[in-house]
Amino acid sequence: IRDVVHFDDRIYKCAHVITRWLGDYSSLHARRGDFQYSSQGTEEVVLRSVKRGEVLWIASDASFRSFSAFERAGRPVVSLAYLLDLQRRQKRHIIIERRLDGLSMPPHEVWAALENIREHEYGVVDVLVAAEGRTFTGTWFSTFSGLIQRIRGYRGKNDRDTFFSSRERWAAFQGFESP
């Protein structure tokens, strides 16, 4: 795949300006409902790999409000859905009441790059941004998490910085597991 499939330069540029704006961050892939019924169990597992105060990029189809536990634990949370909502509000001159702890509002180049991305390309931007995190916590048996992990490998990221959000599989990448 690495040698044959290539995304449009607009997508790479958009992911690049977002990662540059984020600085040092960790990333998480969570499917809708993964955190819906948890009572701090799943969040606790994810927080093992995210430093206090470190920005957490969340690649997800779940609503942004689903991840408030991470903010309460001192991790500013950002997602593509959140950025798109900020962009929509800014265009309509709606006052943005909430700023991210320790993270400035996105610069103009982030908004300009997002303008050039079509809706069906959002998932690819999410994958590329998630792949660049200091650590990545994925969802077990998810092909989306698998793609992020594959791109992390192509980019030279260490397997020791990849985790899973389930207690039983949290450190599955940390050693060899018999088939």
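Colleague: Which residues in H7 are buried?

Modeller: This is a predicted model, in which local features need pLDDT of at least 70 and side-chain atom pairs count only at pLDDT 80 or more, while totals for chains, interfaces and linings use all residues. Residues are numbered from 1 along each chain as its sequence is written, and side-chain values use heavy atoms, with hydrogens and water left out. Buried means under 20% relative accessible area, exposed over 50%, partly exposed in between (1.4 Å probe, protein chains only). In H7 the buried residues are Ser145, Ile148, Gln149, Ile151 and Arg152.

Colleague: Which elements do the buried residues of H7 pack against?

Modeller: Helices (H or I, at least four residues) and strands (E, at least two) are DSSP runs, numbered from the N terminus. Contact means heavy atoms within 4.5 Å. The partners of the buried H7 residues are strand E1 (25-30), helix H6 (122-131), strand E4 (136-138) and strand E5 (162-164).

Colleague: Which residue caps the N-terminal end of H7?

Modeller: A polar contact is a pair of N or O atoms within 3.5 Å; within protein, one must be able to donate a hydrogen and the other to accept it, and residues adjacent in sequence count only if both atoms are side-chain atoms. Here a side-chain oxygen lies 3.2 Å from the backbone nitrogen of Phe144. The cap is Ser142.

Colleague: Which residue forms a salt bridge with Arg155?

Modeller: A salt bridge is a side-chain nitrogen of Lys or Arg within 4 Å of a carboxyl oxygen of Asp or Glu. The closest N and O atoms of this pair are 2.6 Å apart. Arg155 sits in the loop between H7 and E5, its partner in the loop between H6 and E4. That partner is Glu132.

Colleague: Is Glu54, which meets Arg134 in a salt bridge, buried or exposed?

Modeller: The N to O distance of the pair is 2.8 Å. Arg134 is partly exposed at 30%. At 7% relative accessibility, Glu54 is buried.

Colleague: Where is confidence lowest?

Modeller: pLDDT is the predictor's confidence in each residue, from 0 to 100. The chain averages 80. Helix H1 (residues 9-22) is highest, at 96. Lowest, at a mean of 66, is helix H3 (residues 68-72).
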